[in-house]
Amino acid sequence: MNTPPSKPLVPPRAVIFDLDGVITDTAQYHFHAWQRLAISLGLPFDEAFNESLKGIDRMGSLDRILARGGKVYSPQQKLALARQKNEHYIELISTMDSAQLLPGALQALCAVRAAGLRIGLASASRNAALVLTRLGITRCFDHVVEVAEIERPKPDPEIFLTAAQRLGVRPVQCIGVEDAAAGVAAIKGAGMWAVGIGDAEVLSHADEVISGLDQFDIQHYL
Ligand code: G6P
Ligand code: MG
């Protein structure tokens with residue numbers, strides 16, 4: 001059996017990051033906002049189930065929560081529920097600041113920039129721009145993909161392919177960084193090198209798994 005390569009075969013020219021769980025830990029805010037909604041609807045919700053929503057877009061998450069509780073709502077009602085959750089979420093993230101950057105995140109962004117690579121953001125969150133502002137890192141990115149432009153959510157590769165295209169870099173020259181299995185699948189589907197953040201068992205399709213951006217060394221890939 002051949003040993004898998006420990007770095008991309010082609011030198012990378014861009015790094016495309018996911019946001020939630022990679023650069024900052026917003027999972028706790030999504031959890032509290034969904035939990036508040038679930039309680040108001042009398043639906044079960046806990047942290048273990050919240051784990052399975054990582055990387056899943058807003059409506060996809062709501063569908064899973066309602067299906068688990070055996071509830072059926074009309075499309076209009078679902079839009080109203082999703083809006084309600086988002087209002088809770090925005091209220092929670094409005095207190096965020098640069099202290100909520102995960103260890104090594106800012107250093108990794110600066111090191112990638114200093115090495116002359118392009119930097120993209122491929123987050124499923126419609127609140128990504130707001131979170132970047134709160135964290136004070138908007139200017140670290142050459143391109144932030146607008147989720148509204150994306151037709152197919154992760155695990156479809158569309159969001160990573162769009163990021164690469166906007167950065168003017170071929171997918172094979174990109175490293176994607178993700179904490180969710182759906183995101184790793186999207187990176188691999190795009191033909192990029194996938195760095196997983198978190199649990200190697202959950203992220204078994206990643207090319208490598210590290211515990212956080214404090215373990216990410218761009219020099220290793222050059
Ligand atoms: C990220 C999070 C998900 C969240 C999704 C949409 O991928 O990991 O938990 O549901 O973004 O976020 P939004 O801010 O648009 O509701
Ligand atoms: Mg994530």
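I count a polar contact as a pair of N or O atoms within 3.5 Å; within protein, one must be able to donate a hydrogen and the other to accept it, and residues adjacent in sequence count only if both atoms are side-chain atoms. The model is predicted, so I take local features only at pLDDT of at least 70 and side-chain atom pairs only at pLDDT 80 or more, while totals for chains, interfaces and linings use all residues. Numbering runs from 1 along each chain as its sequence is written, chains are lettered from A and ligands numbered from 1 in the order in which they are written, and side-chain values use heavy atoms, without hydrogens and water.

Ligand 1. I looked up its polar contacts. An oxygen atom of ligand 1 sits 2.7 Å from a polar backbone atom of Arg126. For a polar backbone atom of Ile56, the distance to an oxygen atom of ligand 1 is 2.7 Å. The protein buries 96% of the 390 Å² that ligand 1 exposes when taken alone (Shrake-Rupley method, 1.4 Å probe).

Ligand 2. Which protein atoms hold the magnesium ion as donors? I found Asp18 (OD), Asp20 (O) and Asp179 (OD), at 2.0 to 2.2 Å. Donors are N, O and S atoms within 2.8 Å of the metal (3.2 Å for Na, K and Ca); water is not among the atoms, so sites may look incomplete. The spacing along the chain reads D-x1-D-x158-D.

Burial. I checked Asp18 and Asp179: both are buried (under 20% relative accessible area; exposed is over 50%, partly exposed in between; 1.4 Å probe, protein chains only). In helix H7 (residues 158–167), seven of the 10 residues are buried, among them Phe160 and Leu167. Helices are DSSP runs of H or I, at least four residues, numbered from the N terminus.

Terms used:
Helices (H or I, at least four residues) and strands (E, at least two) are DSSP runs, numbered from the N terminus.
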